[in-house]
Structure formats: structure tokens, C-alpha cells
Amino acid sequence: MCIRDSYTARANLDPLVIEGFGAGGQLMLTTDVENYPVFPEGIQGPEMMQTFRDQAERFGATTVAEDVTRVDFSERPFGVWVDDEEYRAQSVIIATGATARWLGLPSEERLRGFGVSSCATCDGFFFKDKPMVVVGGGDSAAEEALFLARMASRVTLVHRRDELRASKIMAERVLAHDKIDVRWNAVVEEVVGDPAVEAVRVRDVETGELSDIPSAAMFVAIGHDPTTGLFEGQIELDDEGYVVTDGTRTSVEGVFAAGDVQDVVYRQAITAAGSGCMATIDAERWLEETAAAAEAVGAHNE
Ligand code: NAP
């Protein structure tokens, strides 16, 4: 969570970035980022996040490398706590992101970054002309499979049931695609390979039979969980736990949200950064309007 970045710092808003123990978020787990402008040769995710931090600090943003433990948005200035340490802010920008769900297999963890990924647009290109597996049956999995089919020699979608959860139109596209096979009623038992993915071992949930799908990569697309537990009861969240926004405005005036915590559709580094910029501009304007309104009331009462 943060009151944010180089935009707020350059606007002289005295921003404090409470970046949490997981600072940098999903990009800290990403190896090469090749789809972010300004880095024509690509950049490692952690290096990119360090660059972002350096830039924010250059303009005076202060960072706190701890997790927020409680917030109170019921009155202004808003309260934000890190254990017993209390911070007060006229405006808050929530950018706590989302976490990709994983299957929870030891082999999946061992091969993460070596063929196991949760982001086709980030990593698909590295396995060009090779067979790839996508796990999941929702819109994310369908989208990943369709995207990867443009570059893979073959895509196998592994789904645990006999019917896709994805919207009808996405499901139809997947099923009609001549480069995509669906392995129905199958769950991943193990990702095979050392030091990189060579195959995905699946178990047929009806027969119990094990089989290996030769593959250079396994993309896990079984959903994301937004990091919003902290804000339950404080601002409006949707059924999936994402922050409900109008632009970047949340249900509480003066609290804004940016990035994956409020975005179920795009979830890219560049779109998250862009919405961070939007939230900062919105926060700055809102602070100006609020200050102007308070001044007008003060003048009226004199
Ligand atoms: P989702 O709709 O929750 O689908 C998750 C899929 O993963 C389901 O098919 C589920 O299987 C499967 N799954 C979950 N846990 C699993 C596990 N442990 N092992 C194996 N399979 C597992 O998530 P999503 O696809 O990320 O979509 C989230 C939301 O974003 C949806 O509302 C979706 O419509 C939206 N979205 C929209 C677009 C678009 O419009 N272009 C793109 C992406 C996402 P079951 O079906 O058996 O539950």
C-alpha cells in the first residue's frame, strides 16, 4: 500500500510509501520483462522494481519496508498502522496488488522461472515454437492458451473438469483452435524436468491413469487473489475481493486504488504503472479541491 511514487513526490505531496515485506510484488518473481516500454533489451523484474524505487526516492518519497497491519478510513486524516506505529494521511492510494494462485506442487515451485510461469504475455515468447501447457478452465486460462497458440508449436489446456468455466465466446475460440488441445478431467501431478520443464505429468481424475505431456513450459492460470484482506469493511470490495473503483476513486473519498488490486482484466506492469499515475493525479487534484473548499469555508466564517 502506498501514498505513492515519483508522481506524488514530484508533486511535493510528501509521500510515504509503505511497501510491505513483499515489496515489488509479482514482478519480483518475474525473470525477463520484455513488454515494458523503455527497456528495449528487456529487464529483470527485480531490477525494474529497484529502478522504480530509486526514481521515487530521488524526488523525496520515503519508503517503509514493513507490512501495514490495520487501516481506518472512517475519518480524515486516514489512519494507517504498522503494528503500533501510526501514520496519518490526507489521502491514501492502495496498490497492494494481487497474487497468482499456484497449484502448490514442490516441482512447480522448483521450476518457477524455468518454464513454470503465471504470465503468458511475460514469458510465452521464450518458448516460441515449442509445446506448452496451460492449467485452468476460466477466462484467464482461455486467454493465455489463445495468446500462446500464436507462438507455440502446440498448446495443451489441462482442466480438472469436463467443462470450461470460461465465458462462452472464449471457450468456443479455444475449442475451435486447431493448435489447442484440451485435456479434460485432468490434474497436474508433477512438473517434470531439471533444470527446466520437459513435461507435465497429469492424472486422469476418472481413471487415475498418469501420463506425461511433453512441454517446454507450464502456465498456471487458475485465478488471482487480490491483496485486500486489510480493507474489508473499510471500502467497497467486489465478490472476488477486488477494490471497486470508478476510475481510481474508491467508495471512500480521498482513498484511491491502482494496479492489480482493482484490475481483473489487464494485470500488466505497464497498465498497473499507468493506473498508479492516474491515481496520483486524482489524489493530487482531490487534495487541492479539498484544501480550496476548506479555505473557502474558513473565509466565509471570518
Ligand atoms: P476463475 O474464473 O476463477 O477460473 C479459475 C479456473 O481455474 C477454473 O476453471 C477452476 O476450475 C480452475 N482452478 C482453480 N483452482 C484450481 C486448482 N487448484 N487446480 C486446477 N484448476 C483449478 O479465474 P480467472 O480465469 O482468472 O478469471 C477471474 C475473473 O476475471 C473472471 O471473472 C473472468 O471472467 C475474468 N477475466 C476476464 C477476462 C476477459 O474478459 N478477457 C480475462 C481473464 C479473466 P473449476 O472450473 O473446476 O472451478
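Helices (H or I, at least four residues) and strands (E, at least two) are DSSP runs, numbered from the N terminus. This is a predicted model, where local features need pLDDT of at least 70, side-chain atom pairs count only at pLDDT 80 or more, and totals for chains, interfaces and linings use all residues. Residues are numbered from 1 along each chain as its sequence is written, and side-chain values use heavy atoms, with hydrogens and water left out.

Q: Where does P77 lie?
A: Start with the backbone: the peptide bond from R76 to P77 is cis, with omega near -5°. As for its place in the fold, P77 falls in the loop between β5 and β6.

Q: In which order do the 3 strands of the open sheet stand?
A: Strands count as paired if DSSP finds at least two bridges between them. β5 (70–72) and β7 (85–89) sit at the edges with a single partner strand each, so one side of each has no neighbour in the sheet. The pairing is antiparallel, and the order is β5-β6-β7.

Q: What is the bridge partner of W81 in β7?
A: Look at strand β6, residues 78–82, which runs antiparallel to β7 and is joined to it by 5 bridges. For W81, the partner in β7 is E86.

Q: How far is a polar side-chain atom of D139 from an oxygen atom of the ligand?
A: D139 is listed with S140, R160, R161 and R165 as the closest of the 15 residues around the ligand (a heavy atom within 4 Å). Its polar side-chain atom and a ligand oxygen make a polar contact (N or O atoms within 3.5 Å). That distance is 2.6 Å.

Q: What percentage of the ligand's area does the protein bury?
A: Taken alone, the ligand exposes 910 Å² (Shrake-Rupley method, 1.4 Å probe). Of that area, the protein buries 74%.

Q: Which residue does a cis peptide bond join to D194?
A: Check the loop between β14 (186–192) and β15 (199–204), where P195 has its place. With omega about 10°, the cis bond joins D194 to P195.

Q: What is the phi of N185?
A: N185 is in the loop between β13 (180–183) and β14. Although N185 is not a glycine, its phi is positive, at about 50°.

Conventions
A polar contact is a pair of N or O atoms within 3.5 Å; within protein, one must be able to donate a hydrogen and the other to accept it, and residues adjacent in sequence count only if both atoms are side-chain atoms.
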